[in-house]
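The entries below follow the order in which I looked things up.

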Amino acid sequence: NSKLKLAPVFESENQPNHFKYLESPPPTTPPTKPNQTTVMPKPKICVTTCDGATGHSVVEYLVTHSDHKNNVESVCAMAIDPQACSDLGKFAKVVSANLENVDSMAEILKDCDTVYVIPPARGDKRKLTVNIIEAVKKANIKNILFLSTAGIDMADPQRHPRLREFVELESMLLKCACESNACPHHYAIIRASFYLQNLILYQEQAQKEGKLPIPIGPNGKMAPVNLDDVSRVASIILAQDGESGMSDMVVGQLIELTGPELLNGPQLAEKVSQAVGNNIQFSDISPSVSHARYLRSSFTRVIGHSKSNPSNVYNNNNNNREQAKKILTQRSDIDKSEMELLLELYDLTREGKLARLTTLAYKALIGEKPSNADTFFKNHAGYFKGGQ
């Protein structure tokens with residue numbers, strides 16, 4: 001090598017010259033041939049709660065998107081109600097799961113190495129998610145991705161018990177990952193902001209009254225995120241090759257996902273108006289006590305057995321939520337525990353505690369900014385002007 005500097009070293013008068021390398025010595029092992037590559041095993045993924053929109057969406061990405069389907073060995077779609085996601089059976093293994101039975105879930109998971117844990121949208125969410133995490137631990141799953149909710153670090157334990165459930169679940173997951181000696185559990189947590197899809201709950205008010213009635217005040221801001229973008233990030237994390245088995249970029253990371261812009265109520269209504277071509281006005285819901293009797297009966301009946309009873313909290317002079325609850329309870333397709341969670345997120349928004357943007361992780365993983373509210377409302381305009 002003509003660039004390698006050599007210097008003579010005279011050890012004695014009777015010994016010949018020796019040469020010492022002043023730079024690093026040549027490699028002692030032969031270089032890797034260009035066609036020699038390390039083949040990483042393809043992940044065997046299980047997604048829980050696929051009978052809900054969130055789990056269903058990420059499985060669709062995994063099994064149909066060209067960037068992922070060839071990088072995955074298998075996908076198992078775990079569901080309480082497998083009929084609700086039977087369409088996924090063309091591409092994934094749809095499995096009925098009893099979330100009350102840890103052993104049966106561990107048996108389902110035994111052929112997987114990566115699990116996406118999505119808490120079910122039910123009143124006993126905490127209990128069932130604890131069971132899922134215990135099953136993950138018992139099955140010695142190597143990689144865990146957990147879906148949580150943004151804002152839990154701002155939630156008050158007394159006023160926001162549904163949000164605080166996620167704090168407990170995250171803590172349990174971290175404990176599971178750190179304590180297990182049988183398997184080096186690699187984990188990542190996604191905290192997703194308020195979903196834009198939640199605003200479809202107000203389609204009837206938009207169509208009939210020309211209003212978007214959400215109790216966040218005229219100045220409260222949030223950065224709502226598209227569920228599809230959350231699923232896109234999750235699928236990247238689950239399907240990417242890495243030494244741990246999932247994307248090395250995110251192992252041990254807390255990933256908060258929001259939309260790309262902070263919006264208040266009037267701005268959200270304006271974007272809906274532009275998408276549908278009609279004037280939709282923001283309506284800041286005023287305090288009302290007309291629904292207190294419903295709260296005392298229905299909420300207690302749904303979650304009265306829980307360790308922390310949110311119904312008692314909601315009856316404690318939080319009257320600014322009452323009209324919002326009345327609107328949400330008209331929807332038969334939303335679980336009451338999810339209604340409570342939405343109302344807690346509205347509280348944080350009104351108080352300015354969700355006014356933050358966190359899009360760097362999305363851009364690092366996807367290569368672009370998350371989709372904006374204009375695009376979402378344009379693609380879902382039919383919900384707000386009728387015809388869907």
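**Charged pairs, entry by entry**

I began with Lys138, which forms a salt bridge with Asp103, and I noted 2.2 Å between the closest N and O atoms; a salt bridge here is a side-chain nitrogen of Lys or Arg within 4 Å of a carboxyl oxygen of Asp or Glu. This pair links distant parts of the chain, since Lys138 is in helix H3 (residues 125-138) and Asp103 in helix H2 (residues 102-109), 35 residues apart. Helices (H or I, at least four residues) and strands (E, at least two) are DSSP runs, numbered from the N terminus.

Before going on I wrote down that this is a predicted model, in which local features need pLDDT of at least 70 and side-chain atom pairs count only at pLDDT 80 or more, while totals for chains, interfaces and linings use all residues. Residues are numbered from 1 along each chain as its sequence is written, and side-chain values use heavy atoms, with hydrogens and water left out.

I then looked up accessibility, where buried means under 20% relative accessible area, exposed over 50%, and partly exposed in between (1.4 Å probe, protein chains only). Lys138 has a relative accessible area of 51% and is therefore exposed, whereas Asp103, at 47%, counts as partly exposed.

My next pair was Glu340 and Arg162, whose side chains meet in a salt bridge at 2.8 Å, N to O. Because Glu340 lies in helix H11 (residues 336-350) and Arg162 in helix H4, the pair ties together parts that are 178 residues apart in sequence. I found both Glu340 and Arg162 to be buried.

Glu165 is buried, with a relative accessible area of 10%, and it touches Lys125 and Arg126, not counting residues up to four places away in sequence (contact means heavy atoms within 4.5 Å).

I also recorded a salt bridge between Asp284 and Arg350, with the closest N and O atoms 2.9 Å apart. Asp284 is in the loop between strand E11 (281-283) and helix H8 (292-303), and Arg350 is in helix H11, 66 residues apart. Asp284 is partly exposed at 31%, and Arg350 is partly exposed at 32%.

Finally, I noted that Arg159, Asp347, Glu351 and Lys353 are linked in a network of salt bridges, and that a search of the whole structure finds 19 salt bridges.
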